[in-house]
Amino acid sequence: TVFHEALKGVAVKDVAIAGFSLIVLDDSGDVWVYGTNRRHLLAVDSLDIAYPRKLQLNDKIVGLSACNDNTMLLTSRGECLRIGEYDEYPWFYGEYYQNPEKYKYIAKLEAPPEIKQVCCDGKRIIFLSKDGKVFATGRNEKGCLGVGQEDYTNITVPKLVSGLNNIVSITTSQDSSFAIDTNGNLWAWGSNFGGNLGDGTDIDRKIPVRVPNIANVTKVCLGF
């Protein structure tokens, strides 16, 4: 175990990992980054950072999500910031955030208002709003956006996910997505490889289905 002197006295709230890059959120709403700076996931020009470095942001950060080439930050105002360098998928583009010369790898994304949670993987972003609605944008492989459209269509602006209400938590990874509602019901959509959606079939789902025989769900974790 290695203790980073830079984090001495810092109350860590959450940690996200994007490949070999680490993003740390503390209780004060500050974000610390270190590790491999592939595709500028750490928002700086240097190759690697061997110790935690605090980003000087104008906003208090209340949530984060990272996976592969994506790092998302959720501000206390319900806005979504993207860290990194993207040149392939247009839904990862956004307006420059703060000083474009100092933070040219941070952008504010187009997102529904009053976001409560954001989840991402290499090709898509899922948003949860404060009123319990779910929105999705990105590449719709195997129906993983839950919007009912055909495979491999690109949704470049956030679109409402069908049939979900009163959602309190979301997660997504590798073409499958899940949501938990206020009653503890689990909903699933996207790739159903090997029956991983848990609905008793191996059929990919283009819109969310309720997972049977499970109740009072509080958390879902997905592997690679």
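Q: Buried means under 20% relative accessible area, exposed over 50%, and partly exposed in between (1.4 Å probe, protein chains only); which of these classes holds for Lys-116?
A: The model is a predicted one, in which local features need pLDDT of at least 70 and side-chain atom pairs count only at pLDDT 80 or more, while totals for chains, interfaces and linings use all residues. Residues are numbered from 1 along each chain as its sequence is written, and side-chain values use heavy atoms, with hydrogens and water left out. Lys-116 lies in strand S10, where strands (E, at least two residues) and helices (H or I, at least four) are DSSP runs numbered from the N terminus. The relative accessible area of Lys-116 is 43%, and therefore this residue is partly exposed.

Q: How far apart in space are Lys-116 and Val-168, C-alpha to C-alpha?
A: Along the sequence, Lys-116 and Val-168 are separated by 52 residues. In space, the distance from C-alpha to C-alpha is 8.8 Å.

Q: How many disulfides does a search of the whole structure find?
A: A disulfide is here a pair of cysteine sulfur atoms within 2.5 Å. For Cys-119, the closest cysteine sulfur belongs to Cys-120 and is 7.5 Å away, which is too far for a bond. When the whole structure is searched, the number of disulfides found is zero.

Q: Is Cys-119 buried or exposed?
A: Cys-221, with a relative accessible area of 63%, is exposed. Cys-119 has a relative accessibility of 9%, and so it counts as buried.

Q: Which residue in S17 is the bridge partner of Trp-187?
A: Strand S16 covers residues 186-190, and five of its five residues are buried. S16 runs antiparallel to strand S17 (residues 205-210), and three bridges join them; two strands pair if DSSP finds at least two bridges between them. The partner of Trp-187 in S17 is Arg-210.

Q: Which residue in the turn between S15 and S16 has a positive phi?
A: Strand S15 (residues 176-181) pairs with S16 in the antiparallel sense over five bridges, and Ser-176 stands opposite Gly-190 of S16. The two strands form a hairpin with four residues between them. A positive phi of about 80 degrees is found in the turn at Gly-184.

Q: Is Asn-183 buried or exposed?
A: Asn-183 has its place in the loop between S15 and S16. Asn-183 and Asn-216 are 33 residues apart in sequence, and their C-alpha atoms are 6.9 Å apart in space. The relative accessibility of Asn-183 is 59%, so this residue counts as exposed.

Q: Which residue in S2 is the bridge partner of Val-15?
A: S1 and S2 pair in the antiparallel sense over six bridges. Two residues lie between these strands in a hairpin, and Gly-19 in the turn has a positive phi of about 70 degrees. In S2, Val-15 is partnered by Val-24.
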